[in-house]
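Open the model in your viewer and keep the sequence panel beside it; the tour below moves from one selection to the next.

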Amino acid sequence: MGSEAESGSREPLSRIVHAIRARERFVLSSHARPDGDSIGAQLALAHALRRLGKSADIVNRDAPPASLESLPGADSIEVAGEVTGAYDAAIVLECSSLDRTEVAGLERHFLVNIDHHTGNRMYGALNWYDPSAAAVAEMVHDLVAALGVPLTPPIAIPLYAGILTDTGSFRHANITRRTFDICSRVAASGVDVAAVAAAIYQSGTMGRLKLTAALVDAMRLAAGDRVALLRVDDALLRDTGCPADDMDGLINLPLSAREVQAVVMIKALDGTTRVSLRSKGEIDVRSVAVSFGGGGHRNAAGFSLDGERAEVEARIVEAVAAAVEASAGPPAASEPADG
Ligand code: AMP
Ligand code: MN
């Protein structure tokens, strides 16, 4: 198949196929606070394993966000901080390091690491790392094909959800020909792709809409309007009625303005502070996240913070402004000369 090309070395993939064929009981996991790609990749692979007559449990630190609850199989995800069952292998998807799962006990198993995040730590007995994949769902598509499992809707729907969300609804620079090749196969499998998008993007809570308004209203701008800062905390969620798991994608709002080149979103929730970064084009916010102990991709990255708020916030905005500066060239190229 043409879709098997362009994904780096096929060697890890064939080793994983052999390892799966030789084993029966699998546990799948992914990162805490899962997103569309982590949920989609896990659901698709679990279904494919079951089609092969194997057992597959999914154990995640946190429940899927509300927007993904309707994906086929989502109700079978077990939410726990530890795996206790007996398994022949643990397959960890979408995690640059094992601790991103926040699930204990995975390390006691034969570990398979399937990921696309820059800086993957190669923590598995088998590691398949493909930073050219727009989503881990693309990799799982190839794995399912290599296992000889047909692309039926319970597999194709979650794969499509993973690709749709990890490409920012087909807007990000991570998209390749392979992305559309796979989506073409998804469409051919009979999936109603518009219905998948509607379930994810048009089924949010009223609280989310109200939070959207509040966030934009309180947005701060820095670096000549090129960096936007959003802040959400427990009180704001309570006041707007937005569930904590229904905020996915709100960080992208400021990027709709032409001036804004990068967004910092500070989420002080439940006693922990996490920071998400987004950027346009060549602007590298991953390196900013790495400098604060986190990671991610060039245009979408994040990290956790403890303590000392205001001072750190200023440093983050400064670092992001520097990243914008570093890639933007002359800042006001479109300004009139007489300004
Ligand atoms: P988020 O802003 O939480 O949606 O994350 C954006 C991207 O950054 C995702 O690819 C995450 O996997 C990655 N990321 C977020 N937080 C961390 C972290 N603490 N360490 C490593 N990668 C992270
Ligand atoms: Mn991903």
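Which strand gives the most to the shell around ligand 1? Select E12, which gives four residues; strands here are DSSP runs of at least two residues, and helices are runs of at least four, numbered from the N terminus. This is a predicted model, in which local features need pLDDT of at least 70 and side-chain atom pairs count only at pLDDT 80 or more, while totals for chains, interfaces and linings use all residues. Residues are numbered from 1 along each chain as written, chains are lettered from A and ligands numbered from 1 in the order written, and side-chain values use heavy atoms, without hydrogens and water.

Then show Arg100, whose side chain has an N or O atom 2.8 Å from an oxygen atom of ligand 1, and His297, where a polar side-chain atom lies 3.4 Å from an oxygen atom of the ligand. The protein buries 77% of the 480 Å² that ligand 1 exposes when taken alone (accessible areas by the Shrake-Rupley method, 1.4 Å probe).

Now move to the manganese ion (ligand 2), coordinated by Asp37 (OD), Glu94 (OE), His116 (NE2) and Asp166 (OD) at 1.8 to 2.4 Å; donors are N, O and S atoms within 2.8 Å of the metal (3.2 Å for Na, K and Ca), and a site may look incomplete because water is not among the atoms. Of these, select His116, in the loop between strand E5 (111-115) and strand E6 (126-129), together with Asp166 in helix H4 (residues 153-166), 50 residues apart. His116 counts as buried because its relative accessibility is 2%, where buried means under 20%, exposed over 50% and partly exposed in between (1.4 Å probe, protein chains only).

How values were computed: A polar contact is a pair of N or O atoms within 3.5 Å; within protein, one must be able to donate a hydrogen and the other to accept it, and residues adjacent in sequence count only if both atoms are side-chain atoms.
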